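Trainee: I have this one open for the first time. Can you walk me through how the helices sit against each other?
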Amino acid sequence: MVDYRRLRTDVLALVVLAATVYLGLCLLSYDPADPPASTVFPPRADVRNIGGTTGAWITHSLLSALGIGADCLSVILPVWALRLFS
């Protein structure tokens with residue numbers, strides 16, 4: 001018999017893990033000259049973030065709102081995913 005509750009938590013853990021990898025790559029490739037930010041003049045026309053325009057926007061928003069907490073978030077999310085798996 002299939003345990004649907006366990007299946008649901010495993011799928012949620014996989015989604016959180018995938019989001020963590022994406023967020024980590026976007027944070028590692030952050031460049032303040034990417035288009036959502038206006039801290040560098042002249043602004044760059046192309047995006048150099050690994051996540052593309054969406055990744056640059058997410059990274060800029062997280063760093064503006066949380067600062068160093070964005071890096072802490074990339075540590076907390078995999079811990080939560082591992083707890084979901086256990």
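Trainee: How do α1 and α3 run relative to each other, roughly parallel or roughly antiparallel?

Mentor: Roughly antiparallel. This is a predicted model, and in it α1 and α3 pack at an angle of about 160°. Angles over 145 degrees count as roughly antiparallel, which is why the pair gets that label.

Trainee: How far apart are the axes of α1 and α3?

Mentor: Their axes are 9 Å apart. The crossing of α1 and α3 is left-handed.

Trainee: Which residues meet there?

Mentor: From α1, the list includes R6, D10, A13, V16, T20, L23 and L27. On the α3 side, A70, D71, S74, L77, W80 and F85 are among them. By class, that contact has 15 nonpolar, three polar and three charged residues.

Trainee: And what angle does α1 make with α2?

Mentor: About 80°, with the axes 9 Å apart. That makes α1 roughly perpendicular to α2.

Trainee: What classes of residue make up the contact of α1 with α2?

Mentor: Seven are nonpolar, three are polar and none are charged. Y22, L23, C26 and L27 of α1 take part, meeting T54, G55, I58, T59, L62 and L63 of α2.

Trainee: Which residues of α1 are buried?

Mentor: A13, V16, T20, L23, C26 and L27. The buried residues of α1 pack against α2, residues 52-66, and α3, residues 69-85.

Trainee: What about A19, where is that?

Mentor: A19 is in helix α1. A19 has a relative accessible area of 40%. Buried means under 20% and exposed over 50%, so A19 counts as partly exposed. A19 and S74 are 55 residues apart in sequence, but their C-alpha atoms are 9.4 Å apart in space.

Trainee: Back to α1 as a whole. What span should its 25 residues have?

Mentor: At 1.5 Å a residue, α1, residues 4-28, should span 36 Å. Its end C-alpha atoms are 36 Å apart, which agrees.

Trainee: Different topic. Which residues does the cis peptide bond join?

Mentor: F41 and P42, with omega at about -5°. P42 lies in the loop between α1 and α2. As a general point, most peptide bonds are trans.

Note on methods: Residues numbered from 1 in each chain as written. Predicted model: local features only at pLDDT ≥ 70, side-chain atom pairs only at ≥ 80, totals over all residues. Heavy atoms only, no water. Helix = DSSP H or I, 4+ residues; strand = E, 2+ residues; numbered from the N terminus. Expected span 1.5 Å × (residues − 1). Buried < 20%, exposed > 50% of the residue type's maximum accessible area, 1.4 Å probe, protein only. Contact = heavy atoms within 4.5 Å. Axes fitted to C-alpha atoms, helices over the stretch in contact; angles between N-to-C directions. Parallel < 35°, antiparallel > 145°, perpendicular 65-115°, else oblique. Left-handed = near helix turned anticlockwise from the far one by under 90°. Nonpolar A, V, L, I, M, F, W, Y, C, P; charged D, E, K, R; others polar.
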